[in-house]
Each structure stands twice: as structure tokens, then as C-alpha cells.
Amino acid sequence: MKLLVRWMLLAAALLLVAHLYPGVSVASFGAAMVAALVLGLLNTLVRPLLVLLTLPVTLVTLGLFLFVINALMFWSAAGVLAGFNVTGFGAALIGSLIYSLCGMVIDVAIERLFNRGEY
């Protein structure tokens, strides 16, 4: 249940990103749900490999290169899907920042909601 709620909220967060920033567009809530699923899969499967391969650059930039990796994941998800579009790398960077902030808020809210009765 927690996974489904998180998935729907992240899809809503993608719609919020598209509403707040004109460089990102999402066709519908269904497209946002597919995009949230693809983003989750990319972040689970591909991102750790990229982080490992770019570790020297990440260390030299004091971790700031991780923003570039997040933007690449966001941009590649938009490149694969039809209803999710990002105009360029700058839009992917800003969109991924907004989406990550929304994801952090969603994670905190879900943990508080589902762990309410476990004291």
C-alpha cells in the first residue's frame, strides 16, 4: 500500500514540476505515472553504476556532479517516454531538482503517515 501511495504522489509531483517549470511537460496523469515508474527504475538500476563510474569527478566537485547525474536520469526518462518531455539539459537539471525536493517531502510525509500507530 505504501509503495502505491508513493508512486501516485511522485506522479503528482511530476505534474507539479510540469506546472511550475515550462521546460518540462507531462501529457496526462497516466503519462506521469509511467514516467514516475521509469524514473524509479532508472534511479534504482542505472544511477548507482553512474555514481560509481564518476566517483573521481564527484569527489573533485565535492558531490555537485550528482546533480548532473540526476539531471541525466530525468532527461533520459523523458527521451524514452512519449508523454513526458524535457526541452534540454538545463530544464532537466531544474526539473530534477524540483522533483527531488518533492520526493523528499513525499518520503517524510509517507513515513509519518504509515508509522503513526507504531509507538
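**Fold and helix packing in a predicted model**

Trainee: Among contacts in the chain between residues at least 6 apart in sequence, what percentage joins residues at least 24 apart?

Mentor: The structure is a predicted model. Contacts here are those between residues at least 6 apart in sequence. The share of them that joins residues at least 24 apart is 61%.

Trainee: In what order do the elements of the chain run from the N terminus on?

Mentor: The chain contains six helices and two strands. Read from the N terminus, their order is α-β-α-α-α-α-β-α.

Trainee: Why is the chain described as being as compact as a globular protein of that length?

Mentor: For 119 residues the globule rule gives 14 Å. The chain is as compact as a globular protein of that length because its radius of gyration is close to that value, at 15 Å.

Trainee: How are H1 and H2 oriented to each other?

Mentor: Helix H1 covers residues 2-20 and helix H2 covers residues 29-45. Their axes come within 8 Å and cross at roughly 110°. Angles of 65 to 115 degrees fall in one class, and the two helices are therefore roughly perpendicular.

Trainee: Which residues in H2 do the residues of H1 meet, and how many residues of the contact are nonpolar?

Mentor: From H1, the contact involves Trp7, Met8, Leu10, Ala11, Ala12, Leu14 and Leu15. Their partners in H2 are Phe29, Ala32, Met33, Ala35, Ala36, Leu37 and Leu39.

Trainee: What is the handedness of the crossing in which H1 passes H2?

Mentor: The axes of these helices cross at roughly 110°. The crossing of H1 past H2 is right-handed.

Notes
Residues are numbered from 1 along each chain as its sequence is written. This is a predicted model: local features need pLDDT of at least 70, side-chain atom pairs count only at pLDDT 80 or more; totals for chains, interfaces and linings use all residues. Side-chain values use heavy atoms; hydrogens and water are left out. Axes are lines fitted to C-alpha atoms, for helices over the stretch in contact, and angles run from 0 to 180 degrees between N-to-C directions. Helices (H or I, at least four residues) and strands (E, at least two) are DSSP runs, numbered from the N terminus. Angles under 35 degrees count as roughly parallel, over 145 as roughly antiparallel, 65 to 115 as roughly perpendicular and the rest as oblique. A crossing is left-handed if the near helix is turned anticlockwise from the far one by less than a right angle, and right-handed if clockwise. Contact means heavy atoms within 4.5 Å. The radius of gyration is taken over C-alpha atoms; the globule rule is 2.2 Å times the number of residues to the power 0.38.
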